[in-house]
Amino acid sequence: MMMIKRAAIYPVTLPLVRPFQTSYGCINQRELLLLELKDELGNVGYGEVSAFDYPDYTEETIVTVEQVLIKYLLPLLKDVAFSHPEKVRDRFRSIQGNDMAKAAVEMAVWDLYGKRVGQSLHTLIGGTKETVNVGVSIGIEQDLETLVQQIKEYVSQGYQRVKLKIRPGYDLEPIRAIRHAFPALQLMADANSAYRASDIPLLKKLDAYHLAMIEQPFGARDFVTHSLLQKQMMTTVCLDEAIRSLDDVKTARALDSARAINVKISRVGGLTNALEIVDFCVEHQLLVWCGGMLSSGIGRAADLALSSMDAFTFPGDVSASNRYFLKDIIVTEFVLEQGQMTVPKGNGLGVTLSLIHI
Ligand code: MG
């Protein structure tokens, strides 16, 4: 039985190597929080708060998460004996929503638990692969020549799949330009909820470019319009913002709103929920793949462990540290080798924090 004795929250700011523009807006630096938990034996575990500093992707922000952690979640864990990280979810059952706050705590507990029992997260969750195929997510870049140049660079680095952020007025043209320059590239588009039902005829034109999928064109709760699109489009529709729980995946399946699910540990309230979603997707032939949150090396380590499971065949948004950051917060940064990244083998998350950052 383990017991949490102490918790600390550290703010981290990571400047981005280049601004990242989506249909929500543009960010120049990644602000996040790190949660540090200590158990009764003195082991330390880390969890990453993936919320952004503005409530556009989901309603949570680093400000709300910090409050919820301090006021509600951490007091529920302190001095309580529990046997396994999965039990964290049960402790938090009385609290609605706040999935990213819950996920950060659970991640720190998984890290702590792995260190206590001397096993990597990848082993604990039944991951089988030692390396995983990865892709890259590209922000909106108005100048199409620069865009194609950027992609050329990532492709030469070995990224196996490119995801382009799109929005109304920036969709068919950049996709056509990329497809023209890279006829065989595994390419997809992510709209971050920027379209409406009246845009269905326009979105259907994307079928001509053989995209691997189109991600979340409509609102975060709009399973119905996604279903209308999927029924009329050859291209696979993928849901991101819509998926906050296993129940949402069941809704998507029942309505045929999507054939692919982008799973993010933080958005679904933690790894335990993510694993249930993966099982459901495998059982019901939905393609499941691992999304990204511009995570630091802490969140990225968890994403790599998840991606090491057999179910993950489609390259995730789990890029190398230098895709986003000049310097990551972990000692040994994640690098890309022949289009793959290595899953950490050390105990827990398997990464060591570089202390100069906190
Ligand atoms: Mg997305």
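A pocket, on a 1 Å grid over the protein atoms alone, is an open set of points with protein on both sides within 12 Å along at least five of seven lines, and its lining residues have an atom within 4 Å of a point. The model described here is predicted, so local features require pLDDT of at least 70 and side-chain atom pairs pLDDT 80 or more, whereas totals for chains, interfaces and linings use all residues. Residues are numbered from 1 along each chain as its sequence is written, and side-chain values use heavy atoms, with hydrogens and water left out.

- Among the 18 residues that line the largest pocket, R89, D99, K102, S245 and N273 are the closest to its centre.
- The helices α2 (87–91), α3 (99–117), α9 and α10 (271–283) each supply at least two residues of the lining of the largest pocket; helices are DSSP runs of H or I with at least four residues, strands are E runs of at least two, and both are numbered from the N terminus.
- Helix α3 gives the most to the lining of the largest pocket, namely three residues.
- The second largest pocket is lined by 23 residues, with F20, T22, Y24, F52 and L294 nearest its centre.
- Strands β2 (26–39) and β7 (162–165) each supply at least two residues of the lining of the second largest pocket.

**Magnesium site**

- D190 (OD), E215 (OE) and D240 (OD) coordinate the magnesium ion at 2.1 to 2.3 Å; donors are N, O and S atoms within 2.8 Å of the metal (3.2 Å for Na, K and Ca), and sites may look incomplete because water is not among the atoms.
- E215, in strand β9 (residues 214–215), and D240, in the loop between β10 (237–239) and α9 (246–255), lie 25 residues apart and link distant parts of the chain.
- E215 is buried at a relative accessible area of 0%, and D240 is buried at 1%; buried means under 20% relative accessible area, exposed over 50%, and partly exposed in between (1.4 Å probe, protein chains only).

**Cysteines**

- The whole structure contains zero disulfides, a disulfide being a pair of cysteine sulfur atoms within 2.5 Å.
- C238 is buried, with a relative accessible area of 0%, whereas C26 is partly exposed at 41%.

Technical notes. On a 1 Å grid over the protein atoms alone, a cavity is a set of points where a 1.4 Å probe fits but cannot get out, and a pocket is an open set with protein on both sides within 12 Å along at least five of seven lines; lining residues have an atom within 4 Å of a point.
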